Amino acid sequence: MNFLEEKIVRDATIKEGNILKVDNFLNHQIDMNFLDEIGKEFKRRFANKPINKIVTIESSGIAIAVATAKYFSNVPVVFAKKQKSVNINGEVYKAEVESFTHKTINTVIVSKQFINEQDNVLIIDDFLANGYAMKGLIEIIQQANATISGIGIAIEKGFQPGGKLIRKYGYQVESLAILEEMDCENNQILFAKQS
Ligand code: 5GP
C-alpha cells in the first residue's frame with residue numbers, strides 16, 4: 001500500500017451511498033504533512049511536463065492544489081468558483097457541474113484574467129467519482145484554449161465511471177489511490193493495483 005492508501009485504511013470511513021469520508025485529514029480538518037506528501041508525489045509524476053498553472057475547484061481541491069504548487073517553481077493556483085461572486089471582475093469561463101455530494105447543479109466560473117492560451121495546466125482534485133467536476137474543469141480550460149498537461153487526483157473511485165470517461169480524452173491522469181470496492185457494512189476497502 002502507498003502512503004495515501006495507508007492513510008485511507010487508518011483514518012477514512014465509509015458512508016452509505018458510496019461516500020468515503022475523509023473529514024479528519026482532507027475535507028474538514030487538514031493534515032498538512034500528509035498533504036505535503038501528496039504534493040511531492042504529484043510533482044514526481046508530472047516532473048517532465050511544462051506546467052505553469054494549477055487549476056482546481058473549490059473547496060476541497062484547493063488545499064491539495066496549494067500543497068502541490070509548493071513543489072513547482074512559481075506556479076499559481078487558480079480555483080473554479082461555484083457561484084458568481086461580486087468580487088469577480090470582467091468576463092468569465094463557465095461550465096455546469098453536478099455536485100456528487102449535494103446532488104445540485106452549480107455553474108462554476110473562472111475569470112478570464114487567470115487562464116489563457118499560453119498556459120500549460122495541471123488539474124488537481126480530491127476525488128474523481130462520476131467525473132462531473134473534472135469534465136467542468138476541462139471545459140473551462142478548453143474555453144481558454146490552454147493546454148491540459150495532466151490531471152492529478154488524490155482518490156479515484158474506480159467503480160464509478162469518471163476515470164474511464166476522463167482517460168478517454170487521452171490526458172495523463174494520475175490517481176494516487178484507486179478504490180476498486182468499498183464495503184460499507186464491514187468498513188473494508190479494496191484498492192486497484194497500480195504499477
Ligand atoms: P464527480 O464530479 O467526479 O462525480 O465527483 C467529484 C467531486 O465530488 C469531488 O470534488 C468531491 O468533492 C466529491 N466526491 C465524490 N465522491 C466523494 C466521496 O466518496 N467522498 C467525498 N468526501 N467527496 C466525494
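The largest pocket is lined by 30 residues, and those nearest its centre are Ser60, Phe100, Thr101, Asp126 and Phe127. A pocket here is an open set of points on a 1 Å grid over the protein atoms alone, where a 1.4 Å probe fits, with protein on both sides within 12 Å along at least five of seven lines; lining residues have an atom within 4 Å of a point. The model is predicted: local features need pLDDT of at least 70, side-chain atom pairs count only at pLDDT 80 or more, and totals for chains, interfaces and linings use all residues. Residues are numbered from 1 along each chain as its sequence is written, and side-chain values use heavy atoms, with hydrogens and water left out.

Strand 2, helix 2 (23–27), helix 4 (60–69), strand 5 (92–98), strand 7 and helix 5 each give two or more residues to the lining of the largest pocket. Strand 7 gives the most, with 4 residues. Helices (H or I, at least four residues) and strands (E, at least two) are DSSP runs, numbered from the N terminus. The space in this pocket comes to about 640 Å³, a volume being the space filled by probe spheres set on the grid points.

The ligand sits in the largest pocket, meaning that more than half of its atoms lie within 2 Å of the grid points. Around the ligand are 16 residues, the closest being Leu20, Ala129, Asn130, Gly131 and Ala133; a residue counts if one of its heavy atoms lies within 4 Å. Strand 2 (19–21), strand 7 (120–128) and helix 5 (132–143) each give two or more residues to this shell. Strand 7 again gives the most, with 4 residues. By class, the shell has 8 nonpolar, 5 polar and 3 charged residues.

| Residue | Protein atom | Distance to a ligand oxygen atom |
|---|---|---|
| Asp126 | polar side-chain atom | 3.2 Å |
| Ala129 | polar backbone atom | 2.8 Å |
| Asn130 | backbone N or O atom | 2.8 Å |

Taken alone, the ligand exposes 500 Å², and the protein buries 90% of that. Accessible areas come from the Shrake-Rupley method with a 1.4 Å probe.

Two backbone features remain. Most residues other than glycine have a negative phi, and most peptide bonds are trans. The peptide bond from Glu58 to Ser59 is cis, with omega near 0°, and Ser59 is in the loop between strand 3 (53–57) and helix 4. Asn74, which is not a glycine, has a positive phi of about 55° and lies in the loop between helix 4 and strand 4 (77–80).

Key: Polar contact = N/O pair within 3.5 Å; in protein donor to acceptor, adjacent residues only side chain to side chain. Nonpolar A, V, L, I, M, F, W, Y, C, P; charged D, E, K, R; others polar.
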